[in-house]
Amino acid sequence: MTAETRTELPQATASCCSSTGGCQGGAADAAQADGITTVYEVKGMTCGHCEGAVSSEISEIAGVASVTAVAATGKVTVVSAAPLDEEAVRAAVDEAGYELVGLA
């Protein structure tokens, strides 16, 4: 019989959700402090797969640090080093199969 080693991890005392409503960790929150945060409204997302598809396409745009898509609200929060060209975001959302309504 072997002895089991248990490692206790510190418990977070705050909610996992950021002020923008997305569930993000500290690293993503730190990125927001160092970049430009823009929230877009995307039509057609209904599930986690949709969120992943939109996030994946937008994250390929140069300068994007993080993307959080929330199907329930239709909001996509993008943190970038510089302001993004809305047409580039629109093209990425279209490529994922959804419709960019505009800024939220």
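Here is a short walk through the structure above, from the overall fold to one pair of cysteines.

Please keep in mind that this is a predicted model, where local features need pLDDT of at least 70, side-chain atom pairs count only at pLDDT 80 or more, and totals for chains, interfaces and linings use all residues. Numbering starts from 1 along each chain as its sequence is written, and side-chain values use heavy atoms, with hydrogens and water left out.

Let's begin with the fold. The protein chain has 3 helices and 4 strands, counted as DSSP runs numbered from the N terminus (helices: H or I, at least four residues; strands: E, at least two). Along the sequence they are arranged as α-β-α-β-β-α-β. Among contacts (heavy atoms within 4.5 Å) with a separation of 6 or more, 60% are between residues 24 or more positions apart.

The protein chain exposes about 6500 Å² of accessible surface, and carbon and sulfur atoms make up 53% of that; the areas come from the Shrake-Rupley method with a 1.4 Å probe, and for residues only the protein chains shown count as cover. Of its 104 residues, 33% are buried, meaning under 20% relative accessible area, with exposed being over 50% and partly exposed in between (1.4 Å probe, protein chains only).

Finally, the cysteines. How many disulfides does a search of the whole structure find? The search gives 0, a disulfide being a pair of cysteine sulfur atoms within 2.5 Å. Cys47 counts as partly exposed because its relative accessibility is 33%, whereas Cys50, at 5%, counts as buried.
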